[in-house]
Amino acid sequence: MAVWRKLAAPLLLCALFLLQTISVHARPANMSASKEKSPPTKDENEILPPDHLNGVKMEMDGHLNKDFHQEVFLGKEIEEFEEDSEPRRNRKKLIEIFTKVDYNKDKSVSAKEMQRWIMVKTEEHFQEAMVENKNSFRAVDPDGDGHVTWDEYRVKFLASKGFNEKEMAEKIKNNEDLKLDEETQEVLESLKDRWFQADTPPADQVLNEQEFLSFLHPEHSRGMLKYMVKEIVRDLDQDGDKKLTLSEFISLPVGTVENQQAQDIDDDWVRERKKEFEEVIDANRDGIVTMEELEEYMDPMNEHNALNEARQMIAVADENQNHNLELDEILKYSEYFTGSKLMDYARNVHEEF
């Protein structure tokens, strides 16, 4: 027994190490190289551009938005459909949403009705971002004069990272070396470029509340949307022609696939991007995606995109192939629309409806 105890501890540690290794390498290769960072503080969240933009089809780093369907279907109600929430309550909420999407009350949802709903929910995300921006702008404009200079923002950003605010303000005022670590300096350079892009002519390095909204949320400004697209193309474009081929769009960064599970995840990632490139982004089907095509694809308020999205969403759950959605179909495919899987979806559907 004593011998077994001596052997058990090393074996357990070895098993834990293997589990951690599998967990790490189960991520797609394109994400596995990203540096682990501590979670942002409340102050950072207030004044930094968000990594994720609700209702926009692509992330800032060029990855597809995995939650896009749910965001444009649920709008600001997306948080109510947590995976661990009560299925019966979610089912009831989904039935209520169906009745709202069914604008003409014929107990089915057409592509036009879904398009209309997508535009309404996208607008909800826009309004939510504007409310958040008011708080963020107040955080960087304490004197309330309605304008923030790049230097004022720099001081607030550095303070949110733990630097002494008064000391940083004094150094910036006197044009002294701030002695920042490499990572903080890189973030600042990126933010500076973005700040200047959000500064509408005549450029003065000063942002008002509307310009600050564009700085935080590029989807609110056509000019900043162009900038976001340019950044994505720059990161993916391998031959410098400012266009994207399919191979460029689906290529993974150099990395080693450690196990079959990681390989399967990478294969899924490539398959999803290939489908999106060929069927959605490449509008004229010439095998090349231009900046203009990517910009149209990224624009959350593009009604044509909303109609295409509506048709795709209906096609996923349209089991009777009538190009409309019925209540039982939307309940059956609840996980696609809400991220929450409902149990016994068909039970008493018509009675409750």
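Predicted model: local features only at pLDDT ≥ 70, side-chain atom pairs only at ≥ 80, totals over all residues.
Local features were kept only at pLDDT of at least 70 and side-chain atom pairs only at pLDDT 80 or more, while totals for chains, interfaces and linings use all residues. Residue numbers start from 1 along each chain as its sequence is written, and side-chain values rest on heavy atoms, with hydrogens and water left out.

The protein chain comes out with 18 helices and 4 strands (DSSP runs, H or I of at least four residues for helices and E of at least two for strands, numbered from the N terminus). Of its 353 residues, 41% count as buried, that is, under 20% relative accessible area with a 1.4 Å probe, protein chains only. Looking at contacts (heavy atoms within 4.5 Å) with a separation of 6 or more, 61% link residues 24 or more positions apart.

Now for the inside. Beyond four places in sequence, F73 touches L94, I97, V101, M114, W117, K121, M313, I330 and F337.

Neighbours within four places aside, H125 is in contact with N54, G55, E71, G75 and K76.

Helix α11 covers residues 222-236 and reaches 21 Å from its first C-alpha to its last, close to the 21 Å expected (1.5 Å times one less than its number of residues). Among its buried residues are M224, L225, Y227 and L236. At the start of α11, a side-chain oxygen of S221 comes within 3.3 Å of the backbone nitrogen of G223.

As for rings, there are 12 aromatic pairs (Phe, Tyr or six-membered Trp rings with centres within 6.5 Å; planes under 30 degrees apart are stacked, over 60 edge-to-face and the rest tilted). F73 and F337 make a tilted one, at 5.1 Å centre to centre and 50° between the planes. F73 belongs to helix α4 and F337 to helix α17, so this pair ties together parts 264 residues apart in sequence. F73 is buried at 0% relative accessibility, and F337 is likewise buried at 0%. Finally, F137, W150, Y153, W195, F212 and F215 form one aromatic cluster.

Technical notes: Buried < 20%, exposed > 50% of the residue type's maximum accessible area, 1.4 Å probe, protein only. Polar contact = N/O pair within 3.5 Å; in protein donor to acceptor, adjacent residues only side chain to side chain.
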